[in-house]
Amino acid sequence: PFAFTTAFIFRGIDSVQLTCILLVNNKNTCEYLLRPLNELDHHHLEGRWAMIAGSLSELPLIEHLRLRDSATAKFSSASETNVSFRRTMSLNNTCSYKSFNISLEGSTFTFDNGRVNTTFIQTSCDDCILLSFDVKSGTRRHFYLYSRRRQLEQREIEEFRVQVECVNMPPPVVMDPTKELCPEEKTAKDARKAEERKY
């Protein structure tokens, strides 16, 4: 079956094989690679993820992405559907933080007062998440790959490059894994837990 063949190729991928499968069946390949997650594992999602690479539909924003030193996303669950979503970005040795309360609906969630619709996309990388952000009713798209690791294998990066090509976006920016991540922002809840541990 097509799905088995594609997964097998990506497990032992090189650039020549990847080019060949795209030339043979580009439409089916893209449909397979851009599938939303069938079932989101909340336990797997929990914790902090480092951005590995990303692309945006608007070229000026791509240049801004190149200037970032690092970026992260963190998910912490209050329940199966109510989740805290925190994003950090390091730019010119300065860290910025944003937090949102989100409600998961299958493989999607919305935040920033409904301005951003987000979908978890399938990836063959076991310790990665791939997020597609549709901003302002789809007028702008962000496509970000995160991982528990700071650096992926070449075949994993190549898979993401093809996924970016499938959504007709510019070639992805790959983050420098040697750049430090921002320290985690302490919340009021974190402070209370620290105080409780003193007693």
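Let's start at asparagine 168, which sits in the loop between helix H6 (154-166) and strand E9. Keep in mind as you look around that this is a predicted model. Is asparagine 168 buried or exposed? Its relative accessibility is 73%, and the cut-off for exposed is over 50%, so asparagine 168 counts as exposed. Its backbone also deserves a glance: phi is positive here, about 55°, although the residue is not a glycine.

Now go back along the chain to asparagine 92. You will find this residue in the loop between strand E3 (82-91) and strand E4 (94-103). What is phi for asparagine 92? The angle is near 55°, a positive value in a residue other than glycine. Asparagine 92 has a relative accessible area of 62%, and because exposed means over 50%, this residue is exposed.

Our last stop is lysine 179, in the loop between strand E9 (173-174) and helix H7 (188-197). Here the relative accessible area is 36%.

Which residues does lysine 179 touch, once its neighbours within four places in sequence are left aside? Lysine 179 is in contact with Asp69, Ser70 and Arg150. Lysine 179 and arginine 68 are 111 residues apart along the chain, yet their C-alpha atoms are separated by 9.5 Å.

Technical notes
Residues are numbered from 1 along each chain as its sequence is written. This is a predicted model: local features need pLDDT of at least 70, side-chain atom pairs count only at pLDDT 80 or more; totals for chains, interfaces and linings use all residues. Side-chain values use heavy atoms; hydrogens and water are left out. Helices (H or I, at least four residues) and strands (E, at least two) are DSSP runs, numbered from the N terminus. Buried means under 20% relative accessible area, exposed over 50%, partly exposed in between (1.4 Å probe, protein chains only). Contact means heavy atoms within 4.5 Å.
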